[in-house]
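Have the picture up while I talk.

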Amino acid sequence: MVDPNAYKQAKSNNFWHNMWKHRAHLLMALPAFLILLLFSYVPMTGLIMAFKKFNYADGIWKSPFNGIDNFKFLISSKDIFIRMTKNTFMYYLIFTILGTFLNVVVAIAIDQLAFKKLGKTLQSIMIVPIFISYAAVQFIVYALLSQESGLINQTFGTATRWYMEPKYWPMILTIVKMWNSVGYGSVLYMSVLAGIDQEQYEAAQIDGANKWQQICHITIPSLVPMITIMLLLSVGGIMRSDTGLFYQVTRNSGVLYDTTQVIDSYVLGQILKSSNFGFTAAATLFQSVVGTGLIIIANGVVRKLHPENALF
């Protein structure tokens, strides 16, 4: 019979032995670990403000508890809450479905180019927009859409008041988002394509398969695991939106709120107006809880259908 104490001691010794053996790898991972700890986990202690009436005099820990009043305030205006929640879900679906489709299409198109140097050049050009801040993008959009001097109105001889018409903005924001993210998003899928065994394509050619058939039966199936993982990860952020896109590009125009206001932009507006950090924490906690629940459900569905593609 194995002595439990001896087993624990051996296990502990083995753990510290492996730690010392891989000390170089641990040292390399230390900066990333510290960043994750300091910027992702330590700030979570601030979620306690979701249940407090925060004031600067008392600080986070001494501010009085107010139960779920912050959550009540979040949903107190049903029309606003329903509108911004609906917009958040709508844009998530549009950006995720269309973005994933375009990412895959662009990745396959560049991968299939006969001139590989041209493909690398196009790839480099297409990832540039992701590095342009939305603070700068808003001026580009305004230059295009301004009623008086906008390029679109001048080109087509129209006088459309884009910043006064909410119906146009789902399309405008989708175009801006795709322009900003598709080039960068396709890089991940291109890395998967680079790892496909070329012998599969050669065998398909011998069997008489054309390019389209090779894409349908080799390329796309190879991308399915990565697409599944990316979709699962995106579900966790279903309640979050790109604040810069919805707050800055729209210039926070109240006239456009019907189609542009999402939870994050609403929260930012409330912070700037009232500095109610308890409410902000409540909204953040609400988003995180919903996102966590959805990602668990989505992962459970994937695990039932295709266990090999599940996250956990």
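Let me begin with a term: a pocket here is an open set of grid points with protein on both sides within 12 Å along at least five of seven lines, and its lining residues are those with an atom within 4 Å of a point. Please also keep in mind that this is a predicted model.

With that in hand, let's take the second largest pocket. Which residues line the second largest pocket? They are Val-137, Ile-140, Val-141, Leu-144, Leu-145, Ile-152, Trp-162, Met-171, Ile-172, Ile-175, Val-176 and Trp-179. Two elements give two or more residues to that lining, namely helix 7 (134–145) and helix 9. By class, the lining of this second largest pocket comes out as 12 nonpolar, no polar and no charged. The volume of the second largest pocket is about 230 Å³.

Now for the largest pocket. Its volume is about 630 Å³, and 25 residues line it. If you want to find the middle on your screen, look for Phe-95, Thr-96, Lys-177, Ser-181 and Ser-234, which lie nearest the centre of the largest pocket.

Helix 5 gives the most, with 8 residues in the lining of the largest pocket.

So how do these helices sit against one another? As a reminder, two packed helices are described by the angle between their axes and the distance between the axes. For helix 5 and helix 11, the axes come within 11 Å and cross at roughly 140°. Angles over 145 degrees would count as roughly antiparallel, and therefore this pair, helix 5 and helix 11, is called oblique. The crossing of helix 5 past helix 11 is right-handed.

Helix 9 and helix 11 pack with their axes 10 Å apart, at an angle of about 140°. That makes helix 9 oblique to helix 11 as well. Helix 9, too, passes helix 11 in a right-handed crossing.

Let me turn to helix 10, residues 198–206. At its start, a side-chain oxygen of Asp-197 reaches to within 3.0 Å of the backbone nitrogen of Glu-199. After helix 10 comes Gly-208, with a positive phi near 95°.

Note on methods. Residues numbered from 1 in each chain as written. Predicted model: local features only at pLDDT ≥ 70, side-chain atom pairs only at ≥ 80, totals over all residues. Heavy atoms only, no water. Polar contact = N/O pair within 3.5 Å; in protein donor to acceptor, adjacent residues only side chain to side chain. Helix = DSSP H or I, 4+ residues; strand = E, 2+ residues; numbered from the N terminus. 1 Å grid on protein atoms, 1.4 Å probe; cavity = no way out; pocket = protein on both sides within 12 Å on 5 of 7 lines; lining within 4 Å. Points joined across faces, edges and corners; volume = space filled by probe spheres on them. Nonpolar A, V, L, I, M, F, W, Y, C, P; charged D, E, K, R; others polar. Axes fitted to C-alpha atoms, helices over the stretch in contact; angles between N-to-C directions. Parallel < 35°, antiparallel > 145°, perpendicular 65-115°, else oblique. Left-handed = near helix turned anticlockwise from the far one by under 90°.
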